[in-house]
Amino acid sequence: MSASITSSKPNKLALFTAITAAMVITSGCQSLKTANATNQPTTTVQGQNAEQPKKLENFNITGKIGVTTPANDSTGTQGGSAFYAWGQQNDRFAIELIGALGIGKTNIEYNGQTAILVSEKTGTLTADDPETLLKKATGWQAPISQMPYWISGRPAPSDSAPQMDSQNRLVSSVNGEWTASFTYKGTDKLPSKISAVQPQGNKVVMTINH
């Protein structure tokens, strides 16, 4: 099973090659660097009143994702990370994870109605949405359904209180209990890093190579 959402073998091979290359590059550099990506907005405006960038309907990205879950009565704060390759076609996507949050190499596919996860540890699992599926497999929480919009640098339809900088780039947005912040490299229009947190202590940090 591959992270490609098409059935053609060349696309599957290309996506697998991309994540392998990302792992080699990242391990050689210690981590995907976004040190020069910090961007302090000089002006913020309500996103509802500003023209938003278009959602990317098709994209292929790689990077690293880290997840932290809060402490409870029996365990302390826990975290995990993985290198990923994400392929998106309209509402369908496939994500391949390596070093996948404690469950080994993992593939997540979503066709707009059903999410399927396959890992070396869990086997095949299904759910109605990718968030439920990820939590079932790992115990982690992540706003996966909002990510295609956030990766495009725009609020998800269910977001509230989006804030833009002076270049009309999304710098923060709220979705339910998630508060997301966005980092850009230089004058790039697409974010290079997304951080999302919940008051309970869940946190997701995702670096993005477009």
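Predicted model: local features only at pLDDT ≥ 70, side-chain atom pairs only at ≥ 80, totals over all residues.
The lining of the largest cavity divides into 15 nonpolar residues, with no polar and no charged ones, where Ala, Val, Leu, Ile, Met, Phe, Trp, Tyr, Cys and Pro count as nonpolar, Asp, Glu, Lys and Arg as charged, and the others, Gly among them, as polar. Residues are numbered from 1 along each chain as its sequence is written, and side-chain values use heavy atoms, with hydrogens and water left out.

Let me stay with the cavity. By cavity I mean a set of points, on a 1 Å grid over the protein atoms alone, where a 1.4 Å probe fits but cannot get out, and a lining residue has an atom within 4 Å of a point. Searching the whole structure gives one cavity of 30 Å³ or more, and the volume of the largest cavity is about 160 Å³, a volume being the space filled by probe spheres set on points that are joined across faces, edges and corners. Of the 15 lining residues, I65, I95, L97, L134 and I144 lie nearest the centre. At least two lining residues come from each of β2 (58–69), β3 (78–89), β4 (92–98) and β12 (203–207). The protein as a whole has three helices and twelve strands, taken as DSSP runs numbered from the N terminus, with H or I over at least four residues for helices and E over at least two for strands.

Of the 210 residues, 44% are buried, that is, under 20% relative accessible area, as against exposed at over 50% and partly exposed in between, with a 1.4 Å probe and protein chains only.

Now to the charged pairs. How many salt bridges does the rule give? The count comes to three, with a side-chain nitrogen of Lys or Arg required within 4 Å of a carboxyl oxygen of Asp or Glu. R169 and D165 meet at 3.0 Å, N to O, and here R169 is buried at 2% relative accessibility, as is D165 at 5%. E96 pairs with K105, the closest N and O atoms being 3.4 Å apart; E96 is buried at 1%, whereas K105 is partly exposed at 31%. Finally, E57 and K55 form a salt bridge at 3.6 Å between the closest N and O atoms, with E57 partly exposed at 36% and K55 buried at 15%.

Methods
1 Å grid on protein atoms, 1.4 Å probe; cavity = no way out; pocket = protein on both sides within 12 Å on 5 of 7 lines; lining within 4 Å.
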